[in-house]
Amino acid sequence: MHPNPAFRHETASRNIGFVRERGFGTLAINGEDGPLTAHIPILLNENGQQAELHLVRSNPIARACKEPLDAVVTVTGPDSYISPDWYGVEDQVPTWNYVAIRITGTLRPLPQDQLHPLLNRLSAHFEENLLPKAPWTTDKMSDGVLERMMRQIQPFHFEVAKIDGTWKLGQNKPEDARLTAADHVAGYGIGQETQILSALMRGAKPETSK
């Protein structure tokens, strides 16, 4: 997480809400031969104290996690390169604006009989966002197909110890410079979801008002 406190003033509820809406991140643990990572769908509960996820059994993290392990999940959002020319003021340097949430805690494997309910909760969470489409459920699977697929998947529980958020939106810049940069991000941004990032930059509170 970025060390500048100007970028870390968002509330816990906003950080939790961002992770719940995003629902996808990078899981990392320390393996015997070095760091291991995996890209995962994740369901964080409403109070941000625990999360559910699953991994294919052949994943190195699934193989390594036979007992509780320290772990980190990083969930990233919109981002963009920021050119110094976009601020309209002198003596600036290139940077990157972004949103990222880090969840620190303990990863532990769950019994296999908890996988099916976990998959139901995970899919229901995302299918709800697709209404009025009729939600997909595991009941739509043909007999035996889901069971064969689930044999290849391991469910996991993530006990959350801490959630940190970085919302680097130019809060440390003069307001006019930040707004001018936001306009350029909307038109010329290099990154992901630059229109959303531009809107976040426009709505950011300057460092001096915190």
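Residues are numbered from 1 along each chain as its sequence is written, and side-chain values use heavy atoms, with hydrogens and water left out. Because the model is predicted, local features need pLDDT of at least 70 and side-chain atom pairs count only at pLDDT 80 or more, while totals for chains, interfaces and linings use all residues.

**Helix 1**

Helices (H or I, at least four residues) and strands (E, at least two) are DSSP runs, numbered from the N terminus. Buried means under 20% relative accessible area, exposed over 50%, and partly exposed in between, with a 1.4 Å probe and protein chains only. In helix 1 the buried residues are Asn15, Ile16, Phe18 and Val19. These residues cover an arc of only 160 degrees around the axis, so they sit on the same side of helix 1; the arc is that of the directions from the helix axis to the C-beta atoms. An α-helix has 3.6 residues a turn, so residues three or four places apart point the same way.

The buried residues of helix 1 pack against strand 2 (34–44), strand 4 (69–82), strand 5 (95–109) and strand 6, a contact being heavy atoms within 4.5 Å. Ser13 and Glu21 are exposed residues on the face of helix 1 turned away from its buried side. Gly23 follows helix 1 and has a positive phi, near 70 degrees.

**Aromatic rings**

Rings of Phe, Tyr and Trp (its six-membered ring) pair if their centres lie within 6.5 Å; planes under 30 degrees apart count as stacked, over 60 as edge-to-face and the rest as tilted. The whole structure has two aromatic pairs. One of them joins Phe18 and Trp167 edge-to-face, with 5.6 Å centre to centre and 70 degrees between the planes. Phe18 lies in helix 1 (residues 12–22) and Trp167 in strand 6 (residues 153–168), so this pair ties together parts that are 149 residues apart in sequence. Phe18 and Trp167 are both buried.

A charge sits over a ring if NZ of Lys or CZ of Arg is within 6 Å of the ring centre and within 35 degrees of the ring normal. Arg14 lies over the face of Trp167, at 4.2 Å from the ring centre. Lys173 is placed over the face of Tyr87, at 5.0 Å from the ring centre.

**Salt bridges**

A salt bridge is a side-chain nitrogen of Lys or Arg within 4 Å of a carboxyl oxygen of Asp or Glu. The whole structure contains eight salt bridges, including those in the table.

| Salt bridge | N to O distance |
|---|---|
| Arg14 and Glu10 | 3.0 Å |
| Arg121 and Glu52 | 2.4 Å |
| Lys162 and Asp164 | 3.8 Å |

Arg14 counts as partly exposed at 34% relative accessibility, and Glu10 is partly exposed at 23%. Arg121 is partly exposed at 39%, whereas Glu52 is buried at 16%. Arg121 belongs to helix 3 (residues 115–127) and Glu52 to strand 3, so their pair ties together parts that are 69 residues apart in sequence. Lys162 is partly exposed at 48%, whereas Asp164 is buried at 7%. A network of salt bridges links Arg8, Arg102, Lys162 and Asp164.

**His54**

His54 is located in strand 3 (residues 50–56). His54 is buried, with a relative accessible area of 18%. Not counting residues up to four places away in sequence, His54 touches Ile40, Pro41, Leu115, Leu118, Leu119, Leu122, Ile153, Gln154, Pro155 and Phe156.
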